[in-house]
Amino acid sequence: MARIKNIIALSPTIKRIIFEPADGNLFPPAAAGAHVIVSIPGPTRVWKNAYSLVSKPGKRAQYEIIVRRVTHSRGGSAWLHDHAEIGQMIDLSLPANLFPIDWLAGKHLLLSAGIGVTPFLAYLAALKDVGAAFELHHACKLSEAPAFEALLRPSPHITLHTSRNTLNVTELLARQKLNTHLYVCGPASFMDTVTEAATRAGWPSAKLHTESFGGATGGAPFKARLARAGITINVGPEESLLEALEAAGINAPCLCRGGACGECELPVLGGIPDHHDHFLSDAKRAANNAIMACVSRAKTPELILDL
Amino acid sequence: MNISLKPAETFRGDFSARNSDDAILRFPFPFPEDAYMYAVNIEPHVRGGPTAAYDAVFDIDEHYIGECEDRALTLIDDPLRCQVLPHMRLAEWDTLELLMESLAFDYPSLFELHRQGDQWRWVNHPLGIDQSFTFGDAETLPYPPFEYITRQVQGDFTIQDQRENNLFMDGGMVTSQADWSLNFDLGMSFHEWHGPVPVAHELGVFDRALAYLLRLQFGKPVRRLNWTLTVNPRLDTSPENYPEWGPDKATITPENVGHKMCLRVELQTLTRLPRSNAILFGIRGYLIRLEEVVRVKKWGRRLHRVLRDLHPEIAEYKGMPRYRQTIVDYLSAFDDGAPTNSGTAPEQSRL
């Protein structure tokens with residue numbers, strides 16, 4: 001359990017939320033790239049959203065996250081913007097890290113867009129701490145530039161782009177030395193642009209690290225029949241299969257809640273999944289016998305799960 | 001936890017190490033059934049289990065002082081038993097933090113940890129250590145942080161870096177190993193360092209174990225048991241020192257097998273480290289003479305059946321062919337053919 005220690009508006013749409021341990025002790029240490037899952041207590045349901053920690057890695061007295069109000073919020077980010085107050089108690093998961101720094105890199109090239117910069121705020125502290133070579137390029141809307149300028153404090157190694165036209169990824173990759181590692185975090189279109197440029201440049205996959213965010217989005221409602229439990233649950237248009245399972249009191253495994261880690265894979269016995277994850281192989285997708293419950297939905301009115 | 005530590009015993013030379021009745025009853029006997037085959041036998045590492053060896057995150061027992069002294073002797077002869085690659089700096093501090101916090105919590109009468117921000121003071125009563133240092137500053141400790149703390153804990157440790165969807169053995173303190181070498185394995189990937197293990201590759205055990213470990217979560221450590229046989233209670237059965245201990249295998253006779261032959265069990269723990277995202281692999285070894293094992297009736301019966309029926313390739317890998325029959329003949333006297341209950345708990349509270 002954590003208590004909200006402070007809330008700082010960085011722009012009309014971006015807030016920094018600072019947590020402290022509710023019991024007066026210390027949080028567990030967390031590394032650059034780690035996230036926590038915040039249980040957001042809405043009026044009718046609990047949202048569980050993953051947020052990167054932006055506090056200095058290893059700092060145990062407080063955790064900090066930065067939350068952008070999503071335009072078509074399902075409720076989680078809007079609640080944090082409109083209803084979160086200093087002193088409130090919030091449940092945080094233990095930190096997990098699906099986007100760690102590779103310390104064998106000779107140089108770290110960090111590319112982000114929009115709110116995807118958050119893991120890199122922790123990266124910068126860790127990299128500067130040991131004097132590692134790095135270069136960061138961040139793309140954002142002109143209207144949000146002041147907020148990101150304040151967060152990043154541009155320098156020779158940190159460049160802010162208010163138009164994606166000034167960020168020429170192909171040219172940037174071409175001038176990197178061997179043993180540079182590329183880290184990318186941002187919305188899907190940005191991730192696609194960068195990873196396609198990296199593929200064209202022959203960038204080694206072992207030196208490309210991606211963290212997608214956005215997590216669950218809504219869609220058409222469907223039913224999930226749990227073959228072993230013998231029950232059927234309804235998945236509403238604004239909730240994920242994982243959230244519907246949790247609402248039904250089923251303790252389903254999960255870790256990233258963003259379709260990346262593979263932890264929430266469930267066997268599918270019937271129906272056709274609508275895959276939105278980044279984990280399953282093409283062959284596995286085509287087989288239609290597994291689904292990542294945190295982000296994927298159904299193309300058929302009903303899915304039958306081996307659960 | 002209330003434990004009494006023995007004065008230093010020897011795990012070489014005259015092999016004075018013995019297990020008290022308490023130590024026998026708390027032994028982590030590895031066979032839940034009367035037969036053995038490789039499996040991904042991983043379970044959550046939570047406090048509590050079939051014997052008292054599972055009561056702490058890192059188990060300290062009556063052999064603590066002697067095992068730490070044996071490690072120090074081995075390191076004098078061969079400093080390469082402790083190596084950590086330079087990119088594992090954070091994992092070194094992770095290890096020190098985890099071990100100090102766990103030991104001070106589980107054994108407050110033996111270890112104390114006092115912290116004020118980055119200023120730490122570590123007190124180890126059994127070894128007479130009182131060390132103040134700055135967390136994160138290796139210059140303030142007499143050894144690098146990983147070596148410093150693992151010199152003071154029973155069992156071997158390796159640290160695995162996670163990258164490229166794989167684990168790499170990029171550091172370790174290995175002085176009580178069952179015939180494998182850190183100096184040889186350092187830097188290897190998961191399948192590479194498991195290369196010599198027979199049968200299990202074909203079963204797909206390592207593919208599944210790796211996939212599982214890559215998703216190991218902070219705060220949810222896991223454990224498994226491994227076992228082999230060792231002549232004499234010798235901690236350092238390393239390839240580097242094979243000339244020291246290899247010839248012992250030829251000394252086993254029907255008369256001395258019960259006293260000299262030891263069952264060697266490793267309580268292995270895997271813990272995700274929070275600062276480095278590396279995995280700490282603890283290999284906590286226990287040695288028990290056959291004459292000590294058979295004092296627990298269930299274990300005597302079961303060990304006879306397991307070794308009698310063991311897959312020949314596994315017996316070969318564990319170095320048994322030369323004396324397997326001698327062991328089985330000895331153990332057969334303690335197997336009355338009665339059925340055994342599943343699970344590893346001793347089912348008797350005194351010997």
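These legends accompany several close-up views of a predicted model.

**View 1. The domains of chain A.** Let's start with the layout of chain A: the domain assignment places domain 1 at residues 2-97, domain 2 at 107-212 and domain 3 at 222-305.

**View 2. Where domain 1 of chain A meets domain 2 of chain A.** In this contact, domain 1 of chain A supplies 13 residues and domain 2 of chain A supplies eleven. Look on the domain 1 side for strand E1 (2-11) and strand E5 (63-68) of chain A, the elements that each give two or more residues to it. That side of domain 1 is made up of seven nonpolar, four polar and two charged residues.

**View 3. The contact between chain B and chain A.** Here 19 residues come from chain A and eleven from chain B. On the chain B side, five residues are polar, four are charged and two are nonpolar.

**View 4. The largest nonpolar core.** This core has 82 residues, and A:Leu53, A:Ile65, A:Leu110, A:Phe120, A:Tyr123 and A:Ala293 have the most contacts inside it. Helix H2 (residues 118-130) of chain A gives the core its largest share, seven residues.

**View 5. Around A:Ala293.** Leaving aside residues up to four places away in sequence, A:Ala293 touches A:Ser240, A:Leu241, A:Leu242, A:Leu245, A:Ala252, A:Cys264 and A:Leu266.

**View 6. A second, separate core.** Finally, have a look at this core of 36 residues, which has B:Leu99, B:Leu167, B:Phe168 and B:Leu270 among its members.

Notes: Residues numbered from 1 in each chain as written. Chains lettered and ligands numbered in written order. Predicted model: local features only at pLDDT ≥ 70, side-chain atom pairs only at ≥ 80, totals over all residues. Domains from an automatic or database assignment. Contact = placed C-beta atoms within 7 Å. Helix = DSSP H or I, 4+ residues; strand = E, 2+ residues; numbered from the N terminus. Nonpolar A, V, L, I, M, F, W, Y, C, P; charged D, E, K, R; others polar. Core = buried A, V, L, I, M, F, W, Y, C linked by C-beta atoms within 7 Å. Buried ≥ 20, exposed ≤ 12 C-beta atoms within 10 Å, placed from the backbone.
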